[in-house]
Amino acid sequence: MKQDVVLAAIAIGGSGALADVTTDFESGADGWSVSGRDTVAATGNPGNGLDVQMIDVFGADLRNSTNSGFLGDLTRYGSAIELSVDVKVNSISSQFSTGEFSREFIVELRDYDNDNGFPYTSVWYSLGAINSSTTGEWTTLSVAIDDTSATALPIGWGGYGDEDPNTFAPILPADRTFTSVLQSVDEFAFTTFVPGFFFGFTDFDLQFDNISVRAVPAPGASVALIGGAAVVSRRRRR
């Protein structure tokens with residue numbers, strides 16, 4: 001299993017953090033699939049990437065529940081982290097309608113411990129709309145979590161696992177916090193399935209590459225090298 005950017009650790013505020021973890025698909029899918037499809041092709045950014053076509057489905061769910069680098073306690077990467085993926089949309093359409101569609105694309109961290117009748121508990125963040133126009137070329141979508149120890153949901157983040165009794169909107173269960181979900185991730189996903197919404201039949205032609213969790217150094221923090229090894233540079237993107 002190949003996970004690049006693994007030679008260096010970043011010292012944040014004087015305490016060590018784990019090295020970045022990245023799947024670039026050069027050694028296979030590394031546990032990633034799109035709604036169960038894990039076709040790796042030489043169409044990535046650059047090199048290999050995940051290349052998926054789906055007909056008449058409700059959404060696209062890029063997920064991983066087996067690669068330990070992306071699961072478990074994500075606070076182990078440091079007090080601030082960045083979640084990132086490269087996306088290329090060839091088409092989002094439907095045989096029941098004309099023209100191209102847009103779909104909201106979120107990153108979602110799922111914990112399958114839930115006592116409220118929901119399939120899982122999660123925290124999620126919208127990375128914006130994807131479509132063949134604005135993300136028709138390789139585009140890096142990412143979000144930074146400035147404080148992995150935060151108990152309340154940061155601005156822009158949503159929760160899932162219970163519902164508001166008045167609005168019926170999805171919310172975090174009362175006994176869960178943002179950090180408690182970060183500390184027990186069973187499935188890491190980038191997905192068009194936004195909690196609380198329903199979707200019609202759609203055709204997807206999508207490509208993904210360079211999925212990563214990256215420690216974000218605090219301002220002025222120094223970089224500590226392991227055994228004198230040089231920091232591996234992040235790959236240049238087209």
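**Fold, sheet pairing and aromatic contacts of the predicted model**

The protein contains one helix and 17 strands, where helices (H or I, at least four residues) and strands (E, at least two) are DSSP runs numbered from the N terminus. The model is predicted, so that local features need pLDDT of at least 70 and side-chain atom pairs count only at pLDDT 80 or more, whereas totals for chains, interfaces and linings use all residues. Residues are numbered from 1 along each chain as its sequence is written, and side-chain values use heavy atoms, with hydrogens and water left out.

Of the 238 residues, 48% count as buried (under 20% relative accessible area, with exposed over 50% and partly exposed in between; 1.4 Å probe, protein chains only). The accessible surface of the protein is about 10800 Å², and carbon and sulfur atoms account for 53% of this surface; areas come from the Shrake-Rupley method with a 1.4 Å probe. Among contacts (heavy atoms within 4.5 Å) between residues at least 6 apart in sequence, 74% join residues at least 24 apart.

Six strands form an open sheet in the order β4-β7-β15-β9-β10-β12, with antiparallel pairing; two strands pair if DSSP finds at least two bridges between them. Strands β4 (33-34) and β12 stand at the edges with a single partner strand each, so one side of each has no neighbour in the sheet. Within the sheet, β7 (residues 61-64) and β15 (residues 187-191) run antiparallel and are joined by four bridges. Arginine 63 stands opposite alanine 189 in β15.

The structure holds 13 aromatic pairs, defined for rings of Phe, Tyr and Trp (its six-membered ring) whose centres lie within 6.5 Å; planes under 30 degrees apart count as stacked, over 60 as edge-to-face and the rest as tilted. The pair of phenylalanine 118 and tyrosine 160 is edge-to-face, because the ring centres are 5.3 Å apart and the planes stand at 85°. Phenylalanine 118 lies in the loop between β9 (103-111) and β10 (121-130) and tyrosine 160 in strand β12 (residues 157-160), so this pair ties together parts 42 residues apart in sequence. Phenylalanine 118 is partly exposed at 22% relative accessibility, whereas tyrosine 160 is buried at 13%.

Tyrosine 160 also pairs with tyrosine 120; the centres are 5.1 Å apart and the planes at 50°, so this pair is tilted. Tyrosine 120 lies in the loop between β9 and β10, and its pairing with tyrosine 160 in β12 therefore ties together parts 40 residues apart in sequence. Tyrosine 120 is buried, at a relative accessible area of 14%. One aromatic cluster is formed by Trp32, Phe70, Phe105, Phe188, Phe190 and Phe208.
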